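Biologist: Please show me how to read a model like this one, beginning with a single residue and ending with the whole chain.

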Amino acid sequence: MNVMIEENAAHPRLPALLTAYHLATEAEKGAAVSGPAELPAARRAEAEDPVTAFAADTVLLATAPETGEALGCLVLKAGTVPEVKRVWVEPEARGRGLAGALMGEALRRAAAAGAPAVRLTVWEWREGPLALYRKLGFEPADSWDDRPGLLCLEKRLAPGDRVALLAPDDVHKHADGLAALLVDAVDGGASVGFLAPLEPAEAVAWWEGTAGTRDVWAAFGPDGAVTGAVTLLRTATANGRHRGEIARLLVHRSARGRALGRRLLAAAEAHAAATGLTLLVLDTQTDSPAERLYRGAGWTPVGTVPEYAADPAGTLRATTLYYKRLA
């Protein structure tokens with residue numbers, strides 16, 4: 001099934017999804033209630049105001065891209081070892097991989113944040129979810145919740161990539177690795193301002209030229225290799241100093257699937273907000289995989305410009321413009 005995983009605790013359908021989850025759980029425990037008003041107070045408050053209840057946590061939704069309809073949800077509770085909670089998929093949408101997609105995104109985010117493991121609890125009679133968790137590598141763990149029939153599971157995570165804001169000297173120090181990342185992007189068909197083939201020396205020169213002119217973040221794998229990067233260019237004009245532009249968000253093809261793009265983008269957004277910027281803009285090739293990332297991260301499309309820029313092969317492609325307001 002074509003589905004988009006997005007983070008949105010304020011989605012208008014989330015209260016209904018959480019209510020359905022709690023009603024089903026109460027019924028399975030033999031304590032069925034007739035409606036939302038009879039749920040235990042903590043569960044009722046959570047469903048009525050998820051933004052407040054999960055203010056410190058990550059709320060993921062599985063939505064149909066065509067309609068925006070939310071078909072499932074998952075909450076990743078914050079902590080040194082984050083915990084998966086409230087996994088729910090609407091009955092009519094089950095059997096299509098939505099729960100697996102939600103779990104996969106939760107695991108990617110936890111790994112990208114450097115968590116050593118992810119844990120969860122599941123009722124022993126929930127055979128379908130239990131089979132999924134075992135398939136994903138969750139194993140029995142020492143109990144932290146001794147309610148009868150509740151199983152505690154944990155999945156250990158491999159060390160994640162390290163994301164760091166680079167000082168100008170660091171950009172020079174890692175110019176070769178950053179250049180290899182840029183060459184990989186162009187070789188892979190990404191429209192990032194260069195035509196193929198991009199010579200390594202030209203890529204090095206571009207990165208050397210960014211030192212001190214824009215903010216640069218790089219991701220480093222466990223072996224120290226550069227696996228991703230993003231830059232933030234600040235507006236210099238007096239009437240635009242509240243604004244910045246995200247550019248050159250790159251993830252090496254060998255490092256994809258680890259939520260690095262989302263993590264790099266989040267690092268740049270957080271730094272921009274912390275240093276006084278209130279608005280960010282960017283552009284990306286229309287219908288490229290990057291569009292899904294930006295939309296899922298809360299960016300708003302403004303419009304599309306036809307034949308805006310050439311792809312690495314020289315073919316003119318449309319570009320979509322995006323913006324995001326920062327708190």
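**One residue, then the chain**

Modeller: Glutamate 46 sits in helix 2, residues 41-48. Helices (H or I, at least four residues) and strands (E, at least two) are DSSP runs, numbered from the N terminus. This is a predicted model, in which local features need pLDDT of at least 70, side-chain atom pairs count only at pLDDT 80 or more, and totals for chains, interfaces and linings use all residues. Residues are numbered from 1 along each chain as its sequence is written, and side-chain values use heavy atoms, with hydrogens and water left out.

Biologist: Is glutamate 46 buried or exposed?

Modeller: Buried means under 20% relative accessible area, exposed over 50%, and partly exposed in between (1.4 Å probe, protein chains only). Glutamate 46 has a relative accessible area of 8%, so it is buried.

Biologist: Which residues does glutamate 46 touch?

Modeller: A contact means heavy atoms within 4.5 Å. Leaving out residues up to four places away in sequence, glutamate 46 touches Leu18, His22, Ala53, Phe54 and Arg86.

Biologist: How many helices and strands are in the chain?

Modeller: The chain has ten helices and 14 strands. Buried residues make up 45% of its 327 residues. Of the contacts with a separation of 6 or more, 62% join residues 24 or more positions apart.

Biologist: What radius of gyration does the chain have?

Modeller: The radius is taken over C-alpha atoms, and the globule rule is 2.2 Å times the number of residues to the power 0.38. For 327 residues a compact globule would have a value near 20 Å, and the chain has 22 Å, which agrees. Along the principal axes, its C-alpha atoms fill a box of roughly 65 × 40 × 35 Å.
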